[in-house]
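The sequence and the structure are shown first.

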Amino acid sequence: MLFPLIDELATTDIVSVQPRVAVRDALQKMSQRKVRNVVVEEESGGYGLLTACDVVRLRFSQTGLDTAISEAGYHPLPYIAKGSNLLDVIELFDNAHGYAAVIDKSNRLFGIVSNTDILASLDPQSMLQRQQLRDLLRRHEVKKMPHDTPLGEVLASLVDQDDAVVVTDQGAGVGIVTTRDAIRLLQDEATLTDPVHGHMSVPLRTVTCDLTVGEAVAAMRDLHFKRLVVEDAHSGELIGIITQQDLIGVAYSRWAELMHHHALELREIIHVLENKTARLEKIAATDPLTGMANRTRLEELLRTEQERHCRLPEVPFSVLVIDIDHFKRVNDTWGHNQGDIVLRGVAQHIQGQLRHIDTLARWGGEEFAALLPQTDLEAARLVANRICRSLAENVFEHTGCVTASFGVAMYQTGESIPALLGRADEALYRAKRNGRNRVE
């Protein structure tokens, strides 16, 4: 049983707006295309989501619909690489809006995936047929309002993507108002003081709590519903709401259970292989003497940071190139064993001055290099000066004090990694020419 690839589920017909446009313009687009959300395309290359609930909230706040989307606020969209397996990223949909952006190899938006798309991929026959909806009715109570409630009060209660209000008359459900209705009503500028019964969707379609999960998946998919209103099979009382997210959680738990059952005999082999792979990867990326990253690993991380900078050019990164001063004297005076101790000690001292997101690597011989993400030139210079001072004050057993020279460079948009390292190296040799134990 295979899980689908994320791009097989993605909706590529995307409704999008720029952050600078007014919320009212986004509402018009949502109404014209009959959608509950629009994608916000940021100038930096990121993506967000403006939802129907956001529009409703703004309509009833002091901010209003004429405010620019960038000022009104919206939800950042998590990114998924095209070609990802759905099972690997299913947890990204366990959030308030249940959407994610699918990005191609060029970091361009390929499509959008939602809970609706995931639900459409489920095979009801693979579900646990005996489990009934009554077993899931723990999370969502039915929002009920009398049929003469003002429309504005009903709309203002819609705060989540899957929200809906069931309209009642003498206790019985007679209609429903959803976030899709809210977009239509706000665009049509319906009178908010009108009783809701004149604007609700009818008839109210319900399912009974003895429906199986598989049957519920089929019903929600066939009816194109985002939720099912569930009633008691005997009394007809409305007892809860089942959302797409509820059913998806059950479905994928069941699929994972089936796959686990059939693959149980492979578990130990997989565990051994994973551990061996992890050890080999660590060995391949680590300098055996100092325990720090090696040159190959740092070059990989530099390329990754360069790619991130291409997507988000406003986020800087810098490098430090560090060379221990007069290291040959240490080896000549104390021997190579003591020289190795100094190399390890210097590496540990520098590592202790860096953040957890920074990476220190042994570049070769007595030379080290450090990658500082999200760090501009001035901040990198301050870090280098701090390490330079503290290292000079540190006393090593036998060899005493050891100093180092530092070259600092910040990545410039469009340059190659060798060019960046070359500039840092030039700065390092200026530091050595200018007396060592300093930062350039």
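Two strands count as paired if DSSP finds at least two bridges between them. In β13, L228 has I242 as its bridge partner. The model discussed here is predicted.

**The sheet with β13**

Strand β12, residues 227-231, pairs with β13 over five bridges in the antiparallel sense. Both belong to an open sheet of three strands in the order β11-β12-β13, with mixed pairing. Its edge strands are β11 (206-208) and β13 (238-243), and each pairs on one side only. From one strand to the next, the twist averages 40°.

**The sheet with β5**

Another open sheet of three strands has the order β5-β6-β7, again with mixed pairing. Here β5 (79-81) and β7 (109-114) stand at the edges with a single partner strand each, so one side of each has no neighbour in the sheet. Neighbouring strands of this sheet are turned by 35° against each other on average, direction ignored.

Strands β5 and β6 (residues 99-103) run parallel and are joined by three bridges. The bridge partner of A81 in β6 is I103.

| Strand pair | Sense | Bridges |
|---|---|---|
| β5 and β6 | parallel | three bridges |
| β12 and β13 | antiparallel | five bridges |

**Helix α9**

Which residues of helix α9 (residues 213-223) are buried? They are V213, G214, A216, V217, A219 and M220. An α-helix has 3.6 residues a turn, so residues three or four places apart point the same way. Just after α9, H224 takes a positive phi of about 60°.

Notes
Residues numbered from 1 in each chain as written. Predicted model: local features only at pLDDT ≥ 70, side-chain atom pairs only at ≥ 80, totals over all residues. Heavy atoms only, no water. Helix = DSSP H or I, 4+ residues; strand = E, 2+ residues; numbered from the N terminus. Axes fitted to C-alpha atoms, helices over the stretch in contact; angles between N-to-C directions. Buried < 20%, exposed > 50% of the residue type's maximum accessible area, 1.4 Å probe, protein only.
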